[in-house]
Amino acid sequence: MVIAIGFEGSANKLGIGIVKDEEILANCRRTYITPPGEGFMPRETAKHHSENIHELLQEALDQSGITPQEIDVVCYTKGPGMGAPLMVCAIVARTCAKLWKKPIYGVNHCVGHIEMGRLITKAKNPTVLYVSGGNTQIIAYSRKKYKIFGETIDIAVGNCLDRFARVLKLSNDPSPGYNIEQAAKKGKKYLNLPYCVKGMDVSFSGILSYMEDKIDELLKEYTPEDLCYSLQETIFAMLVEITERAMAHCGSDEVLIVGGVGCNERLQEMMGVMCSERGAKIFATDERFCIDNGVMIAYAGALAFKAGSRMSFEASTITQRYRTDDVWVTWRDD
């Protein structure tokens, strides 16, 4: 049995989670929300995390009923993510590890999402679509690595949605992507947008630039809801296309959608249609686990720790560009 605590703060979500093997004991989170039309900057996001992390840590310990003495390993997000917010969580995790005299382990954020998704959905060996504010990747497991079959060559899908929400001055509460999703449900008129799939990779910056540059002109003919609907339909179709191609290559009959954008019901619906046509299964989680959280860091760290992986205190740094395929997946034998 391994009890692990996980600190996550790679973007505007601050999360602390505690797990005992596969049992979730605590899942606490705070979100930094900016005014409509504004994004979140590293310095202000780090300030938010530093102001909330001590209270959140106490909340997680209280919720779990676990004392620091019972914890076996302190886990934190090593990367990828925004430097300053990552540093806040890393420093607090290092401090806890020293004070509690516990080992520390740095977790890859993307791998955390994958393992959390596998735990919650019970997907065995899925093709993974990882979609969030900072990442867009199509991933499959092979020989102790999570291989990246395709990815964005510019901005992530979540970043594209967030930035378009700023153009329309949509609220950032609870998140800009969620508010685009709700607006899109009321859209009726489809606007043909640039569709950019390059082999197994996708590009979203051209679509965003097109809509940003023409927004005044477009709003004369289309409602904001129409534009949200058109944007979602286009970029999600791109994601479904590369996912299906990866499934065909791997001979896979499972798709797991992870990351914050994975909560989007329309993306799940479109992926479900493709899967049903292939005789495949789709797996997805709700906002408790697909949005950045500390549980996924605790659980992925516990898996690695149980498999014998260790990290020296000197190596417990952060890496903003920590690739998914840089991680040795020591806990899987398939």
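**Close-up views of a predicted model**

**View A. Helices on the sheet.** Helix α3 (residues 109-121) lies across β6 (127-131), β7, β8, β11 (254-258) and β12, and runs at about 125° to β11. Helix α9 (residues 265-278) also packs on the sheet, touching β6, β11 and β12. The direction of α9 makes about 160° with that of β12. Axes are lines fitted to C-alpha atoms, for helices over the stretch in contact; angles run from 0 to 180 degrees between N-to-C directions. Contact means heavy atoms within 4.5 Å. Helices (H or I, at least four residues) and strands (E, at least two) are DSSP runs, numbered from the N terminus. The model is predicted: local features need pLDDT of at least 70, side-chain atom pairs count only at pLDDT 80 or more, and totals for chains, interfaces and linings use all residues. Residues are numbered from 1 along each chain as its sequence is written, and side-chain values use heavy atoms, leaving out hydrogens and water.

**View B. The open sheet.** Five strands follow the order β8-β7-β6-β11-β12, with mixed pairing. Two strands pair if DSSP finds at least two bridges between them. β8 (145-151) and β12 (281-284) stand at the edges; each has a single partner strand, so one side of each is left without a neighbour in the sheet. The twist averages 25° from one strand to the next.

**View C. The β7-β8 pair.** Strand β7 (residues 136-142) and β8 run antiparallel, joined by 6 bridges. I139 stands opposite I148 in β8.

**View D. Around H48.** H48 sits in helix α1 (residues 42-64). Its relative accessible area is 11%, so H48 is buried (under 20%; exposed is over 50%, partly exposed in between; 1.4 Å probe, protein chains only). Beyond neighbours within four places in sequence, H48 contacts N12, L14, R30, T31 and Y32.
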